[in-house]
Amino acid sequence: MPGPQPSRKHLLALHHRAGHARPLPGSDKNYLLWISYKGTRYAGFQVQPNAPTVCAVLQNAMQAVFGCRPDVKGCSRTDAGVHARRFALSFCYTGKVPMQKIVPALNAHLPPDIRAVDIRSVPDGFHARYAAHAKTYRYYILNARVDDPFTYDTCHRVGAALDLAAMQAAAAQFIGTHDFSALCASGSSAAAHGDTVRTITDCTVVQNGDLFTISVTADGYLYNMVRILAGTLADAGLGKRTPESIPALLESGDRRRAGPTLPAKGLFLEKVDYPGLDDV
């Protein structure tokens with residue numbers, strides 16, 4: 001007589017130990033989904049009680065498409081009012097909807113200020129936040145006397161003339177591995193644990209007419225780090241500080257010596273880098 005049949009849990013354990021890349025039939029499949037959203041109406045990405053969030057709206061769409069609400073792992077929390085051009089999130093799903101139909105199906109149930117953009121399968125254990133090698137943010141400043149009615153909720157306006165060269169020289173001072181305590185708002189859990197060292201690999205400022213674009217690429221960020229960095233560069237552009245003052249600012253670790261925290265509406269998560277993703 002045949003012996004007792006192995007449980008599905010036991011089969012999965014054997015399957016993973018054997019190093020198989022594909023899940024067993026009917027088991028969870030792990031996906032990486034890219035979305036784009038305008039954050040004006042939302043209290044950030046992460047689900048919050050009594051506040052509309054991007055994740056909650058996305059999970060509502062998933063419920064409509066999948067018949068369930070997968071546990072979503074976002075690459076970042078993003079603050080209220082922050083936007084994203086290519087936000088990454090991972091989730092597991094077992095069901096009948098083919099991968100190639102997930103993006104259009106989600107978009108049919110999403111509001112126009114949130115769009116699913118692309119999707120791909122990823123290995124078991126992949127986490128959109130912890131697997132990220134670097135993230136690029138951009139901050140937009142309109143250097144004009146009056147707001148532009150078409151961009152007022154996606155950029156911050158500075159009325160006085162900005163010195164592009166001074167901002168560029170100051171931006172270059174932030175590149176490298178530093179303790180960025182001076183660019184961290186109070187309430188940061190990372191700062192509370194002394195985890196304030198980050199590496200910025202690129203920091204630039206470009207001008208196109210009245211629009212100044214600050215781009216920052218780093219391996220991680222502290223609470224409000226980019227918005228404070230942008231405020232510090234704006235101060236340099238206004239002649240309130242010199243580019244040469246930036247190293248001493250970082251060395252001090254004193255938030256009070258940095259520039260203002262610019263409004264969230266000018267900040268965009270531009271992209272997230274996953275090394276070797278094309279190889280998995």
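Student: What share of contacts in the protein chain between residues at least 6 apart in sequence joins residues at least 24 apart?
Tutor: The share is 71%, where contact means heavy atoms within 4.5 Å. The model is a predicted one, in which local features need pLDDT of at least 70 and side-chain atom pairs count only at pLDDT 80 or more, while totals for chains, interfaces and linings use all residues. Residues are numbered from 1 along each chain as its sequence is written, and side-chain values use heavy atoms, with hydrogens and water left out.

Student: How many helices and strands does the protein chain have?
Tutor: There are seven helices and 10 strands. Helices (H or I, at least four residues) and strands (E, at least two) are DSSP runs, numbered from the N terminus.

Student: Why is Asn 30 called buried?
Tutor: Buried means under 20% relative accessible area, exposed means over 50%, and partly exposed lies in between (1.4 Å probe, protein chains only). Asn 30 has a relative accessible area of 6%, so it is buried. Of the 280 residues of the protein chain, 47% count as buried.

Student: What does the side chain of Asn 30 reach?
Tutor: Asn 30, which is found in strand 1 (residues 29-37), reaches the backbone oxygen of Pro 123 with its side chain at 3.0 Å. A polar contact is a pair of N or O atoms within 3.5 Å; within protein, one must be able to donate a hydrogen and the other to accept it, and residues adjacent in sequence count only if both atoms are side-chain atoms. Not counting residues up to four places away in sequence, Asn 30 touches several residues, among them Ser 90, Phe 91, Arg 120 and Phe 126.

Student: Why is Leu 164 called partly exposed?
Tutor: Its relative accessible area is 21%, so Leu 164 belongs to the partly exposed class. Leu 164 lies in helix 4. Leaving aside neighbours within four places in sequence, Leu 164 is in contact with Val 205, Val 206, Gln 207 and Phe 212. The C-alpha atoms of Leu 164 and Gln 207 are separated by 7.2 Å, although these residues are 43 residues apart along the chain.

Student: What puts the buried residues of helix 4 on the same side?
Tutor: The buried residues of helix 4 (residues 164-172) are Ala 166, Met 167, Ala 170 and Ala 171. They cover an arc of only 135° around the axis, and therefore lie on the same side of helix 4; the arc is that of the directions from the helix axis to the C-beta atoms. An α-helix has 3.6 residues a turn, so residues three or four places apart point the same way. The buried residues of helix 4 pack against strand 8 (197-208), strand 9 (211-218), helix 6 (225-237) and helix 7 (246-252).

Student: Is Asn 50 buried or exposed?
Tutor: Asn 50, in the loop between strand 1 and helix 2, has a relative accessible area of 84%, so it is exposed.

Student: Is Thr 78 buried or exposed?
Tutor: Thr 78 has a relative accessible area of 10%, and is therefore buried. Thr 78 is found in the loop between strand 2 (73-74) and strand 3 (83-93), and its phi is positive, near 55°.
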